[in-house]
Amino acid sequence: LVAGPAPIPSDAESMREACVPETGKRRAGILLRLAWDLTLKSDVAQGRMRFFIHILTVPLLVWKLDEEALSFLLSPEETNSLIPPFISMILVFGEQYATNDQSLNTLLPSKDVPLELCPATNTQCLLANIVQIGRLCRQVNGSSSRALNFEWGCSYVDLLALLLDAIPIRTFSARETAVEWVSDGKGRLTPIVLSIVVLDQCKAMFVDSFVRSLVSCSTDAQSLGIDKTLQSKNDKDKQMEKELADEGGSSATNLAAKEARVDRNQSFWNSSRWARKMSKGVVGLLSSGSAKEREAAKNACDEKASLTNTSSLSRSLASGSGSASASSATPSRADYSPEFFISLCRAFSVVASRWGGGGGKDEIRGKAAWHGQKSAAEETSTATPEAFVQQLLSVLCYSTQLIRAAWCLIQSNDSITRHVHTVIDHDSTNTPIRQLTCTPSYQARDTDTSRGASVLYIFTAALEHALVVTDDVEIHELEKPLPLHQLRRVIKVQKKLLYRACFVDTKTGPPNHFGLALISSTSRAFRDLYDRSSRRPLAVPKVWLVAGLLEKEIKGCKTHSDFLALLKSEPVLRICPMLVSFKRRLELFDKIVKTNREELQGVNSPNPFNPNPLKPARVAVINRGRILEDGLATMNNLGSNMRERIAVHYVNEAGVKETGIDAGGLFKEFWTDLCNIAFDPNYALFQMTEDGSTSMFPSPMSSSAHGPDHVVLFGFLGRILGKSLYEGITIQPLFAHFFLSFLRGDYNFLHMLPDLSTIDSQLYNNLMFLKTYDGDATDLCLTFTITSNEFGGTREIPLMSGGAEIEVNNANKQRYIHMVSKYYVHDRVKVQSEAFTRGLWEVIDPTWLRLFNEPELQVLISGASDGKIDLDDLRRHTRYAGGFTGMDRTISRFWSVFSSLNGKQQAAVLRFVTSCERPPPLGFASLNPPFTIQRVGILRDGDKLPSSSTCFNILKLPTYSSERVLKERLIYAVESGAGFELT
């Protein structure tokens, strides 16, 4: 029974259960019952522990026993309080394990059949047998909610979690890599291919129906009060809703533009009083209301809610019902306990953290978790997700109510709330998040903080997975997978966890796969929610950030290398830069660019001892009638040398060189003119989106308009944008959301369908109809092709090889929708986007751009998205020279005139003075040199026109006799369109 000549028969994989003859099964069954009887004749606990260790580690035990023996293991014993032997062994193991300091591997037989003879470890065989027998046991397998024993179920699942944490990492790897390494005692390791049949028995615990049954029985919506808890709102929720509503129809870009001018300093965050309030208040953050409200939520008898799949939600939306109704599968039990659900969360957490990919990456250190530390035989987690984990998460997300139940438990269960508080509050524990574990503690369940951490992790992992196929309509209109106010609570909890992991946990030491996976999954879910908020705001900007973060660190940097070191060393800037205020990140970007610019171009200073004098400029002679052509001929081949100083010499339409000397102003004027021409949709390089936002993206037909040179032009336009960012010049173009993602270099292909709605709304509606179509998709007569219309002609383009012959049906329609979206959003503009991005990255390092999301990047490029000038901000940061003061009568007249101008005229005045028609992203406080109005004395109104020195942002304003004259002369000077002739 234990070993025999071949513990795993050679034909086991092909024959399965039939690999053991019936006579052998009967003999094994008799031996099993005799061995069990022996446990009753001595110390029962010790005897059953030995039975557990030696018998349940037999490979393929279930196949080697007859039906009568299996029935014996699962039938209640009259001599032992009607507890089945299988359950009795598990309970005894828990008691024995709790009283020993030994690990699981030390409890199991050390002298056993070698792997060369039996290619499966003790822990693998034990897990396989526990899974196989447990699936037959009605008291723990979830097949009947009435038969389920919650206490026994907890012990069973805790044992599964313990074994899952102990088995070799390659147990659930792909078959060709399922190996274990054996040492020959001389330092050499030999790979042994593990038994496929044993591994398949282990994987049986992830069968969809088994997972659904377990979770369904563990989540009683009525007893947990899921609906009541998730729908309740406290004062903080209402306040956040009001703040978002007060913004009205503001776009994400407008919100970012406002946030860029808000200074959130460090004093509030770092005050000790505030820190104490934070420690006391985190439980309140996690809770949905008072203790009385939480108790009421627990006792509420609401209908049992369940998450349905996204297709069902889409059909519900298409039919106009507007929501997915909840259902109740079984009535509540009086003895219901959430502990079984918590144990399941722990077991799933072990699986997801070890084989989900996150546990193999140290996001904080920016490298593989075990890089240079462990051999292949010692690794405890994978760096890439295994397919079965994705399937498990899909079942948990779309076939169970795990997301809702877990988040409800985090808020309503005092023990779990306290444990989660311990994880996210750095004052409560000395253990860094990256070193947290989720191994079951049999000694002190109530103080085992890994319980709360496990619930938080599997909730986060499931939420991250659910967001993959959840569109913006489902989130905002159907409030799936959670109500919006609950998502804001999620954001706040994840923000605190990431802040602690990135900025507070400074202790060094070996990480644990669970802690790493918790950080990784949280950062990805947080990033996804932030990306979605960049399209349609989920919360106002301040909800995402930590006030005062990195303020001291940025101020402490002096040189370009200092800023680059900060950008590389601070994990918060790599993992979750949104925790840092937008204004602070803009300042960091400005300092990085400015210090690099000073190193390459020198510093213009009157100091004769200037150690870094201004370097000679590259001269570009530009004809005002051929700005784009001359710019392309002069500067297209500069590449990264575009960062060097460039001086512009203008030639007017008469062919005469203008008298101006470029000290920076002429270059800004040229660059603004160049951008206006190059990004004009009439030039056929860019086209507008259909969503009414006047946003642009590369024209798919640019090659037809410009021939093969269109790639060169796009590369040049990328350098133009890069140079604008490098010199701090705000330019006009507003880019489409998806194109801004391309510029950052990390486009999320999961967002292609929402992005398609901005390009072709009719096609988007057609695809949504197909997605929600209840009938047979073949009725629509679609194939894997698209029809392209170019200049009045049409051509058919296959989406895949042989696409014209592949019919779209219900089984492949999701793939068809994905491929059509990818073609329109990505494939047809791939060449243009890559050329543009290459040119941009020659001037601006992409890691600098990844500090910002798409709306923030748009603000960096063009200032406030609506282009309006904040008159109060401009007036507050204006300087006066030549005898003017802020109280001067001419100055009062100027501001009165300026406020009376329309937006286009105000932009023209700003360009007349600064060469840029849009305000800086950080507001006029960051304009360098500052906006200045200089007094010009005159005797008569007709003596002089207003003029400017764009190099120094100076408006030279004559002292006109009246406001009417000042307005007339100012508008005339601004709209004359001449170069330096007026000055």
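Which residues make the nonpolar surface patch of about 280 Å²? I looked this up before anything else, bearing in mind that the model is predicted. The patch is formed by Ile 30, Leu 31 and Leu 34. I then placed Ile 30 and found it in helix 2, which covers residues 22-39.

**Entry: cysteines**

I searched for disulfides and recorded zero in the structure. For the notebook, a disulfide is a covalent bond between the sulfur atoms of two cysteines. I also looked up the accessibility of two cysteines. Cys 557 is buried at a relative accessible area of 12%, and Cys 675 is buried at 1%.

**Entry: salt bridges**

How many salt bridges does a search of the whole structure find? I noted 30. I took several of them one by one.

I began with Glu 464 and Arg 524, whose closest N and O atoms are 2.5 Å apart in a salt bridge. Glu 464 belongs to helix 24 (residues 450-467) and Arg 524 to helix 27 (residues 513-535), so this pair ties together parts of the chain that lie 60 residues apart in sequence. Are the two partners buried or exposed? Glu 464 has 19% relative accessibility and counts as buried, because the cut-off for that class is under 20%. Arg 524, at 33%, counts as partly exposed.

Next I examined Arg 532, which forms a salt bridge with Asp 472 at 3.3 Å between the closest N and O atoms. This pair also links distant parts of the chain, since Arg 532 is in helix 27 and Asp 472 in helix 25 (residues 472-476), 60 residues apart. I recorded both Arg 532 and Asp 472 as buried.

I then turned to Asp 873 and Arg 876, whose side chains meet in a salt bridge with an N to O distance of 3.6 Å. Why are these two separated by about one helical turn? They are three residues apart in helix 43 (residues 871-876), and this spacing accounts for the separation. Asp 873 counts as buried at 6% relative accessibility, whereas Arg 876 counts as exposed at 56%. To close the salt bridge entry, I noted one network in which bridges with shared partners join Asp 472, Asp 528, Arg 532 and Arg 535.

I looked up the span of helix 26 (residues 484-504). Its 21 residues reach 29 Å from the first C-alpha to the last, close to the 30 Å expected at 1.5 Å a residue. The helix is mostly covered, with 18 of its 21 residues buried.

In the loop between helix 26 and helix 27 I located Gly 509. Gly 509 is partly exposed, having a relative accessible area of 31%. I also checked its separation from Gln 435: the two C-alpha atoms are 7.8 Å apart, although the residues are 74 positions apart along the chain.

**Entry: strands 5 and 6**

Strand 5 (residues 618-623) and strand 6 run parallel and are joined by six bridges. I recorded one of the pairings: Val 621 has His 649 in strand 6 as its bridge partner. Why is strand 6 (residues 646-651) largely enclosed by the rest of the structure? Five of its six residues are buried, and I based the entry on that count.

I followed the pairings from strand 11 onward. Strand 11 (residues 879-881) is joined by three bridges to strand 12 (residues 932-936), and the two run parallel. Ala 881 stands opposite Gln 934 of strand 12.

Strand 12 in turn is joined by five bridges to strand 14 (residues 954-958), again in parallel. Thr 932 has Ile 954 as its bridge partner in strand 14, and Ile 933 has Leu 955. Four of the five residues of strand 14 are buried, so I noted this strand as largely enclosed by the rest of the structure.

In which sense do strand 13 and strand 14 pair? Strand 13 (residues 947-949) and strand 14 are antiparallel, over three bridges. Ser 949 stands opposite Ile 954 in strand 14. The two strands form a hairpin with four residues between them, and in the turn I noted Asn 953, with a positive phi of about 55°.

Definitions and conventions
Residues numbered from 1 in each chain as written. Predicted model: local features only at pLDDT ≥ 70, side-chain atom pairs only at ≥ 80, totals over all residues. Heavy atoms only, no water. Patch = residues over 30% accessible without salt bridge, like charges linked within 9 Å, V, L, I, M, F, W, Y side chains within 5 Å. Areas by Shrake-Rupley, 256 points an atom, 1.4 Å probe, with all protein chains shown as cover. Salt bridge = Lys/Arg side-chain N within 4 Å of Asp/Glu carboxyl O. Disulfide = S-S within 2.5 Å. Buried < 20%, exposed > 50% of the residue type's maximum accessible area, 1.4 Å probe, protein only. Pairing = 2+ DSSP bridges. Expected span 1.5 Å × (residues − 1).
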